[in-house]
Amino acid sequence: MNIVVVGTGYVGLVTGTCLADLGHRVTCVDIDARKIDFLKRGTSPIYEEGLEALIQKNIHLGNLLFFTSLTSAVSDAEIIFIAVGTPSDVSGKADLQYVYAVANELGQCLDHNVIVVNKSTVPVGTAAEVGRMIAQNFSGACEVVSCPEFLREGTAVNDFFHPDRIVLGVRSRAAEDVMLKVFEAVQCPKVVTTVESAEMIKYASNAFLATKISFINEIANICERVGANVEEVAYGMGLDSRIGNKFLRAGIGYGGSCFPKDIRALNQIAGINGYDFKLLKGVIEVNNNQRLLAVEKLNRLTGGLRGKTIAMLGVAFKSNTDDVRESAAIDISELLLERGVRYLRTHDPAALMNAKKILDKRVALFEDPYAMVQGCDGMMLATEWEQFRHLDWQKIRSMMRTPVLVDGRNLLDPVRMQRLGFLYDSIGRTLTASPSSQFKTNRVVVREGNK
Ligand code: UDX
């Protein structure tokens, strides 16, 4: 099938490239000429495992083209995916100006019947509005369907080919058939529903996952007070198949380009529709508070942050990505500077370049984690990169002026860190006070009994 994907951000580029790999003929369009130039040469502007190889393969096969002009791209398109950004505006509302700009342009340049697919995360009612805008200038048939994306950064290519489900919000049987054909080769449940329900499924899914994270973070905060260990609690909870073991990692809260923005947008959608979404407000508040609590721990262990030299290990919003958008680490860096930290340093294996664009200029960036910790009074581990686990922690301990370590991601073994001489704290993992304790992390013993 001939497909056009408008927008080569995370969602658009992964979707377009993977659709090409399924055998469709895909043209990706972006107004950013520099980006399109890079892509034509087979260079991915984003760090995503497996993506660049797939771009190169499909350019070579002739399945994947890159254009800056929407008008030339859509001339023989059967399906047009809109995958442009929907950032939050000041009120938390999804800013739809880019989606509507595409809709307007489509109205002006379409000259044949097509299906338009909303891939961007948009409030309920947006597909209908996009349809109205196109119809102002185009009198042919153009159904706007909703196909929300659930790709996670870092595993987006794999998620595309092996999704838990594909959601298709359609108005007609004809559009349903076309969309099922687009994704025919992908084996998974396909949920065909109304456009409005599809738009809502996306927000509800993200909000539920964020709720799980804030829930376990609150449990972690109580664990600290009652002497329990949140990892063991989460493990015990997660074995209940109704709960499941995913998204129960306590820490400094969620970040990224989707959760914070989509949760704010859903809260706003509820509000303008006369509904007070109390639970979601709590989720947002708990998430903000987790950053503060971690900074407070560092403040306590360092005996006050004012005038101190602090290292922040990791700045990406999660591991295996170079994305720093709404990263908890960025919020924490601001809090640390507000508290009077004199020198703030950071290291990240992939995200330094992006971090440089948004971090306060006072934050010094280090390619080498050991150079960063030299002479530091404390450190905050802010991203759960696997390689951080394997750093030479003994060496780090000896290089720091005071070996204070707050592990905001529960990545390291508390017993080991304390044995190495760190003044160590993490999130919701209390150690038994007695030094003779037999405590070991992950000591939960699962006995396979008769059921
Ligand atoms: C998310 C959704 O998972 C995806 O379906 C949607 O399409 C886009 O948004 P992504 O932003 O890539 O994907 O990140 P995800 O892996 O979901 O993590 C989001 C944030 O939650 C990260 O900051 C992560 O560190 C945090 N998180 C995740 C936790 O703090 N604890 C957990 O248990 C899981």
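What radius of gyration would a compact globule with 451 residues have, and what does the protein chain have? A compact globule would be near 22 Å and the protein chain has 24 Å, which agrees; the radius is taken over C-alpha atoms, and the rule is 2.2 Å times the number of residues to the power 0.38.

A word on the basis: this is a predicted model, where local features need pLDDT of at least 70, side-chain atom pairs count only at pLDDT 80 or more, and totals for chains, interfaces and linings use all residues. Residues are numbered from 1 along each chain as its sequence is written, and side-chain values use heavy atoms, leaving out hydrogens and water.

Here are some values for the whole protein chain.

| Property | Value |
|---|---|
| C-alpha span along principal axes | about 75 × 55 × 45 Å |
| Accessible surface (Shrake-Rupley, 1.4 Å probe) | about 21000 Å² |
| Carbon and sulfur share of that surface | 52% |
| Residues that are buried (under 20% relative accessible area, 1.4 Å probe, protein chains only) | 52% of 451 |

The protein chain has 18 helices and 14 strands, taken as DSSP runs (helices H or I, at least four residues; strands E, at least two) and numbered from the N terminus. Among contacts (heavy atoms within 4.5 Å) with a separation of 6 or more, 72% join residues 24 or more positions apart.

Now let's visit one residue. Asp322 sits in the loop between strand S9 (309–313) and helix H13 (328–338). Asp322 is buried but has no salt bridge, meaning a side-chain nitrogen of Lys or Arg within 4 Å of a carboxyl oxygen of Asp or Glu. Its nearest side chain of opposite charge, Arg325, is 7.5 Å away. Leaving aside residues up to four places away in sequence, Asp322 touches Tyr47, Ala350, Ala351 and Asn354.

Terms used:
Buried < 20%, exposed > 50% of the residue type's maximum accessible area, 1.4 Å probe, protein only. Lys, Arg positive; Asp, Glu negative; His and termini not counted.
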